[in-house]
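Trainee: Hi, could you walk me through this one? I'm new to it.
Mentor: Happy to, let's open it up.

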Amino acid sequence: MRATSPDLPWHDATRVLHGDAGLSGDSAVSPPIHYSATFRARDAEQFAEMASTPRHAAYYTRYGNPTHERAAAVLAALEGTETALLTASGMGAISTTVLALVQAGDHVVAQTRHYMSTAKLFDEVLPRFGVAVSVVEQSDLAAIEAAIRPETRLILLETPANPTLVLTDLAAVAALARPRGILTIADNTFASPVNCKPHALGIDIVVHSATKSLGGHHDLMAGAICCTAALAERIWPMHVTLGAVLSPMDAWLLLRGLRTLPVRMERINANALALAGWLERQPQVERVHYPLLESHPQHALARRQMAGGGPVVAFSLKAGYAGTSRFVASLQLATQAVSLGGVETLIVHAAAMWAGTMNEAQMAAAGIAPNFVRLAVGLEHIDDLQRDFAQALAAL
């Protein structure tokens, strides 16, 4: 696969359209879908070359695929990394990366607030294989430094964190880790590369649930690992072994979604900030969490490392569990569904969503109160969103 230069003199809006230039041998303007599990060799010599080349784009789709190659090139250009790997889901990206880089006796530092399945990886999976994990408050740099041991190999970060939008100072953590030879991984799903570029702040590996903003239409499952070519060579064998393979169709859908990511995020950022500010002024609302609101306790950090606040707004109502459920059910434009970053606005009553997988103590530790709501803002007109939320609040 051709590595993409992190120094291309293009804006993101241009990178998403031309980041894969030169990777196709045909004249089609819209990229073809290479829906083949395997690829023909010309002769024995070429077959040997294909079989022995890591990440060959036309040998066997578990190893690589031309459609994967194009989507990965665009992602690498967006994140400013040398290359990228695609997986079948965001958890495929996270678990593949972590398992490729640790072994028994190693230690990992993680955050108190992670995506639920990421937390399970640290709480339940890694300890089974002799890997120790320390979980610390991500907004406390001193706590992160204190958790580092001689055997620490990875620090995994997620910012803004799900679901409370607590931020992690990426540059500061990278400055702690790099002199000690510790690799840093940042889950950039909530922000997207349009709003935050962790690699430019010193982070080694950037992972995504590409199901979210990158795809942008709630119609695919995908993950991404963006890093240097050297790190990709370390991670790729584990990817092949675990087999979290992205289908060519989903790779094509991801590439299509990436083409419009900057323009979609511009509208989503504006909608989310406007709606967050509007909610903050409503008497029925207890508190609003959004990085670019001045009321956010880490607003200054958000301004330093984020170009936009992203799609997710979290807030709590002056109502209990039943009232919050009634409010969510009263909305006409916001759909009750998990995920984020798509064209439609989605909303979840967090305590109801996580009730089946977390007990009350775990939800309290994660900051999920009975009246807590997570909103993923879409592309609807802001006036219509505010009108819909006003009628639902009036019903409380």
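Mentor: The buried residues of helix 15 pack against helix 10 (261-280), strand 8 (285-289), strand 9 (312-317), helix 12 (321-330), strand 11 (346-349) and strand 12 (372-376). Contact here means heavy atoms within 4.5 Å, and helices (H or I, at least four residues) and strands (E, at least two) are DSSP runs, numbered from the N terminus. This is a predicted model, where local features need pLDDT of at least 70, side-chain atom pairs count only at pLDDT 80 or more, and totals for chains, interfaces and linings use all residues. Residues are numbered from 1 along each chain as its sequence is written, and side-chain values use heavy atoms, with hydrogens and water left out.

Trainee: Ok, so which residues in helix 15 are buried?
Mentor: Those are Ile382, Leu385, Gln386, Asp388, Phe389, Ala392 and Leu393. They cover an arc of only 160° around the axis, so they sit on the same side of helix 15; the arc is that of the directions from the helix axis to the C-beta atoms. Buried means under 20% relative accessible area, exposed over 50%, and partly exposed in between (1.4 Å probe, protein chains only).

Trainee: And what is exposed on the other side of helix 15?
Mentor: Arg387 and Ala394 are exposed there.

Trainee: New topic: where does Pro160 sit, and what is its peptide bond from Thr159 like?
Mentor: Pro160 is in the loop between strand 4 (152-158) and helix 7 (170-177). The bond from Thr159 to Pro160 is cis, with omega near -10°. Asn162 and Pro163 are also joined by a cis peptide bond, with omega about 0°, and Pro163 lies in the loop between strand 4 and helix 7.

Trainee: Why point those out?
Mentor: Because most peptide bonds are trans, and most residues other than glycine have a negative phi. On the phi side, Arg55 has a positive value near 60°. Arg55 is buried, with a relative accessible area of 10%.

Trainee: How many aromatic pairs does the structure hold?
Mentor: Six. Rings of Phe, Tyr and Trp (its six-membered ring) pair if their centres lie within 6.5 Å; planes under 30 degrees apart count as stacked, over 60 as edge-to-face and the rest as tilted. The rings of Phe47 and Tyr59 have centres 6.0 Å apart and planes at 70°, so that pair is edge-to-face.

Trainee: Which residues do ring pairs link into a cluster?
Mentor: Phe47, Tyr59, Tyr60, Tyr63 and Trp236.
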